[in-house]
Structure formats: structure tokens, C-alpha cells
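The sequence and the structure are shown first.

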Amino acid sequence: MSIPVWHRYSRWKLAKQMKLSEELNPTPAQYQQFIEAWQRQQVIEEAVAQAALEHALNIEPQSVEVTRQALAAELPELELTATETEELLLHQTLLREQLNWVQQQAPQPDDAQVEAWYRGHAQHFVRPEQRYTRHLLLTVEGNSPAVREQIDAIARRLRDGHALFARQALRYSHCPSAMGGGVLGWVGRGILYPQLEDTLFRLEAGQLSSPVETELGWHLLLCEQIRLPQPLPKAEALTRVRQQLIARQQNHYQRQWLQQLINA
């Protein structure tokens, strides 16, 4: 009796996740841990797939294609036949669709729950500080000193008048923002390169940075305005609270369903 293709896939996937391979020469304890985890995975997948079949889920072709795209990077490594590939895609789609269906059965939070959770956590619903920013980039192509001289010259011209920034960006910048006069718009933390973020959030409103170097090249930043942290509008905060509570309750409901399924 041949081993189902999804058994082989789940074993291969788990080995990758646990960074286990023959080349790494795993210890007996590591191998035993892997076998136990794989056996648990088999039990769960078999139970979920059986539930999907009993539930008579209607699997649309486009849903299988979503799975194909999700596994696109892995499929070439598995060296499966065309038939095996389709069997694996159908199995993985069944699992996903069944678990999605289970999540949709979770009870929804009511307005009172949403309001109560918001009141208890309102301090977390704050729009972070942002800077309205313009950016100019000169990329380095093997001649960093010459590029540094050019960015210094541009910086000197801009210190005489920030109104020139848009024209200088349009003329010299290699950033896609050049066509818009270098405008990046409202920028928060976690978006720019660390060196640029650190520089930007030290600037005062209306201040131009000194040239900053990254692996892309040399940059100039202009902070036009500063938007300080402020509470989110309550309606927006309540929408986020509801989304968070729905996701939490769906995950909790799914875990309970899986536990009951395995114990049945």
C-alpha cells in the first residue's frame, strides 16, 4: 500500500520547520521528538480531512489555485508526479477550507463586549507620531566620493531655500518619489531604513537633514510637518477592537473544535 502523498509532504514540511535533516545528524532525542510531532500532525490532518468530506465542502477550482500559488516555491522540491501534485493540492485545500468554515461558526462579539474591551484598553489605540516627508536619493554606482560631493552640493542649495526641494528631487533623485517632488507623505516608524528613520525622527518641522548613507546610496530628508501621537477616533478604534475580538474568538473556537475532533 503506497503512502499518501500528503503524509510525505507533512513529514517533509515538518522536518524543514524543525530544521531536521540527515546532514545535520540529529540526536535520537531530536528524531523521537520529530516522529511524535509528525504522528500528531497526521492524526489532526486525517481528522480534519474526514470532517471536510462529511461536511461535503464544495471545493471551487479557484480555491485549489490559491493553494497551488501558496505551495509554488515548495512543489519543485518535492519531485511529485502530476497526479500526486493534484492530490496534495486537493488535500491541502480541504484542510484550509474546513478550518476556515469552522472559524466562521465562532460566536461574534456583541456591541457591549466591544465597548467594554475598548474602555479597558483605550490607551493602546493611539495613532503614532508621523512626519510629512520629502526624500531625495542619489544611488552609488562605483563612485561614492563623487556622489557624496553631488549630494553635499544639493544640500547646500536646499539650505538656502527648502522650496527648491521639489525641483531638485525631480531633477536629480533616483527615488520613485522624484516624479512627485520627492514627497513620501506621512511617514511613521518602521517604514524607512533604520538610518533614515533615526535621522527623520530627530528633525524639527521644516528642517533638512544632512546627507545620510545607506546601501542604496546617499539621501536627503526634509521634514515638512510633524503629527504628534493622538488617540484614534473612537469609531475607528471600535472597528479595530471588533476585528481583534473576532480573530481571537475564531482562533479559540477552532482550537476547541480540533480538540473535540481528536478526542472523539
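The domain bounds used here come from an automatic or database domain assignment. On that basis the protein, seen here as a predicted model, is divided into domain 1 (5-105), domain 2 (111-126 + 233-263) and domain 3 (129-228). The C-alpha centres of domain 2 and domain 3 lie 40 Å apart.

## Helix packing

Two packed helices are described by the angle between their axes and the distance between the axes. Two such pairs are set out below.

| Helix pair | Axes come within | Crossing angle |
|---|---|---|
| H2 (residues 28-55) and H5 (residues 82-104) | 9 Å | roughly 75° |
| H6 (residues 111-121) and H10 (residues 234-263) | 9 Å | roughly 110° |

Angles of 65 to 115 degrees count as roughly perpendicular. The crossing of H6 and H10 at roughly 110° therefore makes H6 roughly perpendicular to H10. The residues of H6 that meet H10 are Asp 111, Gln 113, Val 114, Glu 115, Trp 117, Tyr 118 and Arg 119. Their counterparts in H10 are Lys 234, Ala 237, Leu 238, Val 241, Arg 242, Gln 244, Leu 245, Arg 248 and Gln 249.

H2 and H5, whose axes cross at roughly 75°, are therefore roughly perpendicular to each other as well. On the H2 side the contact is made by Glu 45, Val 48, Ala 49, Ala 51, Ala 52, Leu 53 and His 55. H5 contributes His 91, Gln 92, Leu 94, Leu 95, Gln 98, Leu 99 and Trp 101.

Helix H5 also holds Thr 85. With the limit for a buried residue set at under 20% relative accessible area, Thr 85 counts as buried because its relative accessibility is 14%. When residues up to four places away in sequence are not counted, Thr 85 touches Arg 68, Leu 75 and Leu 80.

## Loop residues with positive phi

Most residues other than glycine have a negative phi. Ala 56 has a positive phi, near 55°, and is found in the loop between H2 and helix H3 (61-70). Glu 79 likewise shows a positive phi, of about 55°, although it is not a glycine; this residue lies in the loop between helix H4 (75-78) and H5.

Ala 56 is exposed, with a value of 61%, and Glu 79 is exposed at 70% relative accessibility.

## Strand pairing

Strand E2 (residues 130-139) is mostly covered, with eight of its ten residues buried. E2 runs antiparallel to strand E6 (residues 217-227), and ten bridges join the two. Within this pairing, Arg 131 stands opposite Ile 226, and Leu 137 stands opposite His 219.

E2 is also joined to strand E3 (residues 183-187), by four bridges and again in the antiparallel sense. Here Thr 133 has Gly 185 of E3 as its bridge partner.

Which other strands pair with E6? One of them is strand E4 (residues 207-208), which runs antiparallel to E6 and is joined to it by two bridges. The bridge partner of Gln 207 in E6 is Cys 223. Another is strand E5 (residues 212-214), which pairs with E6 in the antiparallel sense over three bridges. Glu 213 has Trp 218 of E6 as its bridge partner. A hairpin joins E5 to E6 through two residues.

## Cysteines

The structure holds zero disulfides. Cys 175 is in no disulfide, and the nearest cysteine sulfur, that of Cys 223, is 17 Å away. A disulfide requires a pair of cysteine sulfur atoms within 2.5 Å. Cys 223 is likewise in no disulfide, with the sulfur of Cys 175 as the nearest cysteine sulfur at 17 Å.

Both residues are buried: Cys 175 has a relative accessible area of 13%, and Cys 223 has a relative accessible area of 0%.

## Leu 170

Leu 170 has its place in helix H8 (residues 165-172). Not counting residues up to four places away in sequence, Leu 170 touches Ala 178 and Met 179. Tyr 9 is 161 residues from Leu 170 along the chain, and the C-alpha atoms of these two residues are separated by 52 Å.

Conventions:
Residues are numbered from 1 along each chain as its sequence is written. This is a predicted model: local features need pLDDT of at least 70, side-chain atom pairs count only at pLDDT 80 or more; totals for chains, interfaces and linings use all residues. Side-chain values use heavy atoms; hydrogens and water are left out. Contact means heavy atoms within 4.5 Å. Buried means under 20% relative accessible area, exposed over 50%, partly exposed in between (1.4 Å probe, protein chains only). Two strands pair if DSSP finds at least two bridges between them. Axes are lines fitted to C-alpha atoms, for helices over the stretch in contact, and angles run from 0 to 180 degrees between N-to-C directions. Angles under 35 degrees count as roughly parallel, over 145 as roughly antiparallel, 65 to 115 as roughly perpendicular and the rest as oblique.
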